[in-house]
Structure formats: structure tokens, C-alpha cells
Amino acid sequence: MKHDDSSLREILAEHTMPGDETLVQPAQAEHDPQTIQCLTCGHRCVIPIGRHGICRVRFNRDGQLRVPAGYVAGLQIDPIEKKPFYHAFPGREALSFGMLGCDFHCSFCQNWVSSQTLRDDRAVARIQPITPRDMVNLAVTHNVPVVVSTYNEPLISSEWAVEVFKVARQ
């Protein structure tokens, strides 16, 4: 089943924030001075206006890097033992959240429905608008001591994760 990539892109474009200024620089492109280079992951994507990086969620709007924010594609309370830091809070749970897109194309991905939905017509995922406060309130309500960014490469949504973590730390 083919999904409507253009309407999903429009929805995602509404759920963005400016990228961290330390994670973007002007690209060395003489033909367009508003072309930027995203420094978030190892791909170091050069992104002309109106185009996306390899992750498909970080993009150039009028010379500004826009990054995902204000939603989740996955939100789940998981045992902490499923996380790479299982030694912290053994026997407890973690509130896990993830977004759409990924800068990897792993053939073994367990989360390809969300990570590859912008690249693979068979992967159809939806988003759920949410605020950092709402996520943290969910963790508090369920007595969950840890909030983690997961399900796709966390680097591509690092600015949003920082906003969530600031509220969680309080």
C-alpha cells in the first residue's frame, strides 16, 4: 500500500523547530549561499533550500535548518533491561520515545515502520503530537524514573530530545 508522502511531509513540516546552531553551518556551495550543511550525524548532509538530509526529517527552509519537534511516532513504557544502560535502575521501567526518519538503512531494523516510513512505501507510520511536559507527566504518573530517546537514530532528533530531557530533569 502506497502512503501519501507529500501529506505526511506537510504534517511533519508543521512539527519542527530551528536546528541547534552548533549543528549546522553554511555549505561550501557558491551556486546557492543558503545551502547549509547539517553536522548532526556522520553523513554531514549538504542541504539546498527545500531539500532534506539523508534522515528525511532534517531539512532546509529558507536557509534555516529545521528539525523534528512536537511529536512522537512511538511512545512506550519498556523494561530498563531493553536499553543499553540496563545497569541503571535495574528492575525499573523507562519511558521510551521515538520519531520518524533515520540516517541508517539497516536491513535488520526492528523499528523500520517508523524509521523508514519516509523512504519505504510499505512502512506506514503516524505521529502523535505531544509536549515535553505531557511525556514527563506520563512518566511521573507511571512512576517511571527514566526517559529515553530510542526507536530510531537519536541524533536526528537531538534538539527535541534535549527539550524533553530538560523537563524530565526537573
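**Lysine 83 and the fold around it**

Biologist: Where does lysine 83 sit in this predicted model?

Modeller: Lysine 83 lies in the loop between β8 (74-79) and β9 (93-98).

Biologist: Why is lysine 83 called buried?

Modeller: Its relative accessible area is 8%. Buried means under 20%. Lysine 83 falls below that cut-off, so it is buried.

Biologist: What makes Asp78 a contact of lysine 83?

Modeller: Contact means heavy atoms within 4.5 Å. Lysine 83 touches Asp78, and also Ser96, Val148 and Thr150. Residues up to four places away in sequence are not counted there.

Biologist: How do you know whether the chain agrees with a compact globule?

Modeller: For 170 residues, a compact globule would have a radius of gyration near 15 Å. The chain has 17 Å, which agrees. Its C-alpha atoms fill a box of roughly 55 × 40 × 25 Å along the principal axes.

Biologist: What makes up the largest nonpolar core?

Modeller: This core has 30 residues. Among those with the most contacts inside it are Leu12, Phe97 and Trp160. Elements that each supply at least two residues include α1 (5-14), β9 and α3 (132-141). The largest share, three residues, comes from α4.

Biologist: Why group such residues at all?

Modeller: In soluble globular proteins, nonpolar side chains tend to be buried together.

Biologist: What share of the chain is buried?

Modeller: Buried residues make up 45% of the 170.

Biologist: How are the charges placed?

Modeller: There are 17 positive and 19 negative side chains. The centres of the two sets lie 3 Å apart.

Technical notes: Residues numbered from 1 in each chain as written. Predicted model: local features only at pLDDT ≥ 70, side-chain atom pairs only at ≥ 80, totals over all residues. Heavy atoms only, no water. Helix = DSSP H or I, 4+ residues; strand = E, 2+ residues; numbered from the N terminus. Buried < 20%, exposed > 50% of the residue type's maximum accessible area, 1.4 Å probe, protein only. Core = buried A, V, L, I, M, F, W, Y, C linked by side-chain atoms within 4.5 Å. Rg over C-alpha atoms; globule rule 2.2 N^0.38 Å. Lys, Arg positive; Asp, Glu negative; His and termini not counted. Charge placed at Lys NZ, Arg CZ, Asp CG, Glu CD.
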